[in-house]
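This is a walk through one protein model, starting from a single residue and moving out to the whole chain.

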Amino acid sequence: MEAFAAEVNSVLEQHAAKGLPSPPFDSWIASDAELARVESELRVRLPEKYKQFMVTFGAGQFMYMGLIPPASPNGQTRDMVEKNSGDHEIPGFVSIAAVGTGDHWGFITEDGICSEQVSLYDFEESCFYPEADDFLEFVSWQGLHAGREGY
């Protein structure tokens with residue numbers, strides 16, 4: 001997590017050096033109890049790097065992407081349980097961020113354990129594609145750099 005925090009600071013410094021405004025951060029920090037509630041209600045075990053990120057940086061807008069919060073910060077935003085149950089449920093998958101096209105990023109689950117790997121769920125094809133080896137790699141690429149080389 002220290003290396004990732006240093007990368008966040010580096011990106012912020014790059015923005016400042018270029019005279020760009022600070023990128024948006026909602027920082028909807030999750031508590032251990034909120035994460036435990038998500039795990040209990042969805043009957044899954046979330047990856048440790050994901051949980052560390054949620055208690056350190058939080059969900060909501062994280063620069064170039066929006067992360068689904070474990071708990072609604074305002075009573076109006078749908079949280080992880082709502083986004084992963086009922087009509088929104090994708091069997092064997094925990095959605096952590098919407099792509100905006102009906103596709104979602106998240107964790108494939110097996111026997112209630114979430115993979116460390118972040119995958120893309122393709123809504124139209126009803127299949128999964130690997131996106132990153134772990135959550136911090138994913139959020140660095142999509143959140144800090146918007147999937148752009150050399151940023």
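In which helix is the place of glutamine 142? Glutamine 142 lies in helix 5, residues 135–144; helices (H or I, at least four residues) and strands (E, at least two) are DSSP runs, numbered from the N terminus. The model is predicted, with local features needing pLDDT of at least 70 and side-chain atom pairs counting only at pLDDT 80 or more, while totals for chains, interfaces and linings use all residues. Residues are numbered from 1 along each chain as its sequence is written, and side-chain values use heavy atoms, with hydrogens and water left out.

Glutamine 142 counts as buried because its relative accessibility is 12%; buried means under 20% relative accessible area, exposed over 50%, and partly exposed in between (1.4 Å probe, protein chains only). The side chain of glutamine 142 makes a polar contact of 3.2 Å with the side chain of glutamate 131. Such a contact is a pair of N or O atoms within 3.5 Å; within protein, one must be able to donate a hydrogen and the other to accept it, and residues adjacent in sequence count only if both atoms are side-chain atoms.

The protein as a whole has five helices and seven strands. Their order from the N terminus is α-α-α-β-β-α-β-β-β-β-β-α. Of its 151 residues, 41% count as buried. Among contacts (heavy atoms within 4.5 Å) with a separation of 6 or more, 51% come from residues 24 or more positions apart. Along the principal axes, the C-alpha atoms fill a box of roughly 45 × 35 × 30 Å.
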